[in-house]
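Dear colleague,

I am handing over the structure below, and after it I set out what was found. Please read the notes alongside the coordinates.

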Amino acid sequence: MQNLITRYTTLLLSGLAFVVSLLFFQDHAHFNWLLLVSGVLTGIGLHDIIQTKSSILRHDPILAHCRFLFELIRPEIRQYFLEEDTSAIPFSRNQRSIVYQRAKQQLDKRPFGTQLDVYEAGYEWINHSIKPAPITTHDFRITIGAGRAQPYSASIFNISAMSFGALSANAIRALNQGAHRGNFMHDTGEGSISRYHRPEQAHEEGGDLVWNIGSGYFGCRNPDGSFSAEKFAENATLAQVKMIELKLSQGAKPGHGGLLPGSKVSIEIARARGVTPGVDCVSPSSHSAFSNPIELLQFIEKLRTLSGGKPTGFKFSVGHPWEFFGIVKAMLVTGICPDFIVVDGGEGGTGAAPVEFTDHVGEPLQEALLLVHNTLVGCNLRDQIKIGASGKIITAFDITRTLALGADWCNSARGFMFALGCIQSLTCHTDLCPTGVATQDPLRQRALFVPDKAERVYHFHLNTLKALSELIAAAGLTHPDQLRPHHLVRRVSPNQVKLAASLLPYLDPGELLDPSQFGRLPELYATYWPLAQAESFDLKGGEPARQTEERTLHGAALNQP
């Protein structure tokens, strides 16, 4: 009985106050507000008891609403009052601050030493030289598609794939204008080329575009959703489009298709994607233009030809290793190679995704990058194919680390979102973004003033590369392409450190082409390279191969690079 009274105390007090104020409000005007408040609370409490959807409201009428309120504002309370500067969930306050400071041209230095625990396992650093190199430039570039009709000189730091539809029109426009001023590339994302990727005036020039072609073939599709060569050529030959990127999967939700509800398919989104306004827009989980590794490479060659010889490659998040091995074997069989491969780490995530996919699907960038780099080296193909990498890359050290592990350039999505003003409110999937970055709400988009944010995008890129130039100069290097695994040091225990070159497995050139070397390969390669095939994404041998896989899966997983 006592517990029952405690549970309903708030309701009983509200009811009592309502009765008292009802009796006296005509004679005492100051009782009017009490009548209103107590009446509302009493009504809420009675409704809580009657309703059947929430147990906690039935158990604790009125008071239980406080729980829902605190739950609603919990992210803000944590971010503003409780979050540690180094807690990366998913990006730490320090990581966000460095982007804001560099984008706004503010002081980006830190006083009083590092806040990181340098004796914690996983801490990394780059060794410096007694004889630092002179800093001659910060505009570090690489050539992608050398030998093609239209090779591209790319910055080593660029905007990763984010579609119009996921980002607002103003965000896309600011990103592209910033990319144009800084002379770096802007990946369109799967949503294709919208008018916001293009210059506002005919006489103006837009930022360099990497046209991302996904399984929905947006911007180059027939009415039935299949690939249209004619529509592709129309966009691919635009002077602003510098490279063609075939998206096989993305780090946020690899192996998972997408659906944009018809209610969100506006006229502008429909025009960019080549779909019908107001009708559900589907991105299938797999491509219809090819079904095996050889057909994939033939399709890439077709895209390259239709584009007029522009660098063409693919982006993917590594899953089954034998599927990528099959693609590389198809390169050896057909002689067709992509000009580049972009490796998207499983920690990537501008796209909203089911939590199981966000947390537990897709190989993290380090292991994925090593797999791709090693396989190409082992087949003597690495010099022909450039590797881009994306996945939580924010600072100059992030770039240094990624290039040292095997990449040629880096892409960043959320870093440039922060430069636009993103505050990590984690409301991207609700259309309620408070900064106008990830919303299609016209009123919310107005918060993002394009000229100012374009300047911030430009300055974030500029100042990050300036920091990179200082970092590699301290290591005695003159260009980031000189970075190697032996430049990177990682603590593995409180009293032991190792160079990445000795900690991580690296293959020798041509090692995968010599069967006599298979016994010396790391177990992942020794197990799956012989079973991969150019003619199929499946393992050779069907059920026997599956049994082999089951016997070696545990050991291979532990030894994966």
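By the rule that a salt bridge is a side-chain nitrogen of Lys or Arg within 4 Å of a carboxyl oxygen of Asp or Glu, the count comes to 17 salt bridges. Please keep in mind that this is a predicted model, in which local features need pLDDT of at least 70 and side-chain atom pairs count only at pLDDT 80 or more, while totals for chains, interfaces and linings use all residues. Residues are numbered from 1 along each chain as its sequence is written, and side-chain values use heavy atoms, with hydrogens and water left out.

Glu 124 takes part in a salt bridge with Arg 401, at 2.6 Å from N to O. Glu 124 belongs to strand 1 (residues 124–126) and Arg 401 to helix 14 (residues 396–405), so this pair ties together parts that are 277 residues apart in sequence; helices (H or I, at least four residues) and strands (E, at least two) are DSSP runs, numbered from the N terminus. Glu 124 also forms a salt bridge with Arg 490, where the closest N and O atoms are 2.7 Å apart. That pair links distant parts of the chain, with Glu 124 in strand 1 and Arg 490 in strand 14 (residues 488–493), 366 residues apart. Glu 124 and Arg 401 are both buried, and Arg 490 is buried too, where buried means under 20% relative accessible area, exposed means over 50%, and partly exposed lies in between (1.4 Å probe, protein chains only).

Another salt bridge joins the side chains of Glu 268 and Arg 195, at 2.7 Å from N to O. Because Glu 268 lies in helix 9 (residues 267–273) and Arg 195 in the loop between strand 5 (186–187) and strand 6 (209–213), the pair ties together parts that are 73 residues apart in sequence. Glu 268 is partly exposed, at a relative accessible area of 26%, and Arg 195 is likewise partly exposed, at 48%. There is also a network of salt bridges that links Arg 148, Glu 301, Arg 304 and Asp 339.

As for disulfides, defined as pairs of cysteine sulfur atoms within 2.5 Å, a search of the whole structure finds 0. Cys 66 is partly exposed, with a relative accessible area of 35%, whereas Cys 410 is buried, at 0%.

Turning to the chain as a whole, there are 20 helices and 15 strands, and the C-alpha trace spans about 95 × 60 × 60 Å along its principal axes. Of the 561 residues, 51% are buried. Taking contact to mean heavy atoms within 4.5 Å, 69% of the contacts between residues at least 6 apart in sequence join residues at least 24 apart.

The largest nonpolar core has 128 residues, of which Met 331, Ile 341 and Leu 376 touch the most other members; such a core is a set of buried Ala, Val, Leu, Ile, Met, Phe, Trp, Tyr and Cys residues joined through side-chain atoms within 4.5 Å. Phe 316, in strand 10 (residues 312–316), counts as buried at 7% relative accessibility, and among its contacts beyond four places in sequence are Leu 248, Phe 324, Ile 341 and Val 372. The C-alpha atoms of Phe 316 and His 479, which are 163 residues apart along the chain, are separated by 27 Å.

Ser 160 sits in the loop between strand 4 (157–159) and helix 7 (169–182), and it is buried, with a relative accessible area of 7%. Leaving aside neighbours within four places in sequence, Ser 160 is in contact with Asp 187, Ser 390, Asn 411, Ser 412 and Ala 413.

Helix 6 (residues 93–103) is mostly covered, as 8 of its 11 residues are buried, including Arg 96, Ile 98 and Arg 102. Just after helix 6, Gln 105 takes a positive phi of about 65°.

With kind regards
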